[in-house]
Amino acid sequence: MRNRTICILAVVILWFSWVAFPRPPRVIKPVNPNDPTNLPDQVTKNVLVIGGGLAGLSAALELSERGFNVSIKEADTVVGGRLHTKDVKLLNQTWPIETGFHAWFNNYFQSHDILERLGVTSNFRRWEAVDYIFRDYEPESIYSKGPYPLNLFGLIHRSPNMKLTDALHSVKSLVDLAYFQYDTIFEKYANTTLEEWARDKDVPQSFYDILMKPILSVTLNRRDIFSAAEMLTYNQIYFLSDSSADHRIITTKNFQDAVIGPWTQMLLSYGVRIQLNTKVEQLVMNNDGSKFISTTSNPDEQFDHVIMAASLDSIQNILKSTEKQYHDNEQIRNKINCLLRKVEKLPMAPPYKVMRVWFDKQLQNKPEILETPHHHPINLVVQYNLLEETYAEWANRTGGSVLEFHLYTWSYGDVSDDRVWDLIRPTAEEIYPDIKYFKILAYHVHSANDFPSFEINTHQFRPTVTYPTECELPNLSFAGDWLYTDFPSALMERAVTTGRQAANHVLLSEGVRQSNIVSINLDGPGIV
Ligand SMILES: Cc1cc2nc3c(=O)[nH]c(=O)nc-3n(C[C@H](O)[C@H](O)[C@H](O)COP(=O)(O)OP(=O)(O)OC[C@H]3O[C@@H](n4cnc5c(N)ncnc54)[C@H](O)[C@@H]3O)c2cc1C
């Protein structure tokens with residue numbers, strides 16, 4: 001009897017030490033730890049970064065800090081890509097308007113590292129719980145508290161919709177969730193939709209609707225064809241890898257003041273040349289066809305390395321146009337076709353819109369950020385007057401409010417901005433009945449078509465950062481959130497991390513020590 005008690009106690013202590021002290025993140029160390037940390041003073045190496053989104057800015061930071069001459073060519077009037085801010089004049093005032101509200105998660109290791117290096121962490125605050133409304137369920141306020149897996153039991157226990165007994169019916173799904181394995185997940189489910197996976201694993205409908213559908217919505221992808229492998233990876237990053245995985249921070253200022261401005265300043269201080277309004281159309285090869293050295297926008301410039309960090313569709317266009325240029329040169333054509341064999345087949349997600357509306361009145365007692373995954377075409381609503389100083393000041397002065405509506409997978413075609421409100425109005429009024437009595441004072445619509453799709457049957461085409469080396473183009477690398485990484489990553493963190501990987505590729509080839517890359521574990525946390 002005494003032995004049995006000791007055994008049970010030992011198991012409980014072991015289990016507790018497992019859950020209370022989660023496995024540390026995985027650190028991928030430089031493959032050349034003995035190389036110098038910087039390029040020698042007497043050596044000059046020029047790097048071209050195409051695209052000034054997070055991936056391009058990340059690559060530029062790592063390389064310029066180590067003594068490389070970096071030039072960023074950015075097609076837009078500002079850097080930041082899908083995290084940019086533009087000044088817009090409305091209501092006799094200039095407003096900093098972002099592409100749309102963003103959140104940074106706890107496991108965004110490279111992103112947090114950059115925020116610390118920029119000294120901008122005080123421009124962020126915690127977003128404690130995520131509030132959801134649904135059509136067929138009670139509202140939820142979802143957050144994780146306590147050690148894993150008690151945090152998950154707590155989440156279900158607090159839920160007015162989900163029951164622990166239902167969860168037990170879905171033991172089959174536990175294997176893929178708790179015992180997730182990144183190394184095999186794409187082999188198993190790259191061509192299975194999340195819906196098919198959930199059906200096959202008997203995931204209770206309430207769990208699917210309340211926990212999975214909302215994450216699907218914020219991928220900006222079509223839900224019905226999203227790959228289960230990709231979504232199970234998201235689940236690890238954002239929920240399961242440890243009990244604080246879902247903790248997130250948001251900016252208290254617009255993205256330009258909070259992050260992108262300080263980042264740009266740091267790059268300029270390292271001598272980075274940032275050329276705005278400079279769209280790269282084609283790459284130029286050197287004479288022996290061994291590497292890309294320039295662009296058609298300024299063929300006189302010569303680069304030792306090129307990092308393509310533009311959006312996926314732009315990279316496809318640049319490569320296709322370059323292939324046309326070199327069509328008669330078999331050696332070069334083969335190399336570009338090798339790149340295109342992968343990149344060309346990757347689709348973009350449907351277009352999306354983000355609409356910011358200035359109203360004459362304010363909502364009462366509503367969460368500042370509300371996710372509405374079952375209210376297509378609206379996925380998320382943010383009360384900017386509760387979030388950022390400029391908006392709060394205006395709201396206090398006028399009694400008005402500013403709401404941002406995220407309209408993902410836009411399915412109403414190519415409509416003019418002045419029609420958007422009419423189309424979303426019935427749903428907006430269903431979410432906030434008070435809005436019926438509000439007057440619109442001004443609005444701004446950001447429309448884009450720049451999100452990669454992670455649908456089924458595409459994984460086999462998704463290249464890694466260094467795939468161009470396999471096409472005998474070792475001075476070229478890719479960066480961006482559309483790539484495959486050998487470890488779990490997604491969205492902004494995938495952009496920043498692939499930027500660092502591209503920089504690491506350049507550092508290695510020039511004999512300079514690479515930077516660490518940190519990720520969550522390849523395997524799920526298990527339960528026992
Ligand atoms: C509304 C919205 C909400 C989001 N919310 C979140 C969130 O909460 N959390 C999260 O992690 N992620 C979020 N994301 C995703 C995140 O914004 C992206 O994953 C990330 O910004 C992608 O960065 P990137 O550098 O890979 O690409 P991009 O930001 O697209 O950068 C590509 C850059 O290349 C430039 N470019 C394109 N073509 C050319 C050319 N030919 N020549 C030169 N330059 C060119 C573009 O102008 C752009 O600046 C959200 C995205 C959107 C749109």
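Q: How many salt bridges does the count come to?
A: The model is a predicted one, and a pair is counted when a side-chain nitrogen of Lys or Arg lies within 4 Å of a carboxyl oxygen of Asp or Glu. By this rule the count comes to 25 salt bridges.

Q: Which residue forms a salt bridge with Glu 62, and how many residues apart are the two?
A: The closest N and O atoms of Glu 62 and its partner Arg 117 are 3.1 Å apart. The pair links distant parts of the chain, with Glu 62 in helix H2 (residues 54-65) and the partner in helix H3 (residues 109-118). The answer is therefore Arg 117, at a separation of 55 residues.

Q: Is Glu 62 buried or exposed?
A: Buried means under 20% relative accessible area. Because the relative accessibility of Glu 62 is 2%, this residue counts as buried.

Q: What separates Arg 397 and Glu 393 in helix H14?
A: The side chains of Arg 397 and Glu 393 meet in a salt bridge, with 3.0 Å from N to O. Because these residues are four residues apart in helix H14 (residues 389-398), their separation is about one helical turn.

Q: What radius of gyration does the protein chain have?
A: The C-alpha atoms fill a box of roughly 75 × 70 × 40 Å, taken along the principal axes. For 528 residues, a compact globule would have a radius of gyration near 24 Å, and the protein chain agrees with this, having 24 Å.

Notes. Residues are numbered from 1 along each chain as its sequence is written. This is a predicted model: local features need pLDDT of at least 70, side-chain atom pairs count only at pLDDT 80 or more; totals for chains, interfaces and linings use all residues. Side-chain values use heavy atoms; hydrogens and water are left out. The radius of gyration is taken over C-alpha atoms; the globule rule is 2.2 Å times the number of residues to the power 0.38. Buried means under 20% relative accessible area, exposed over 50%, partly exposed in between (1.4 Å probe, protein chains only).
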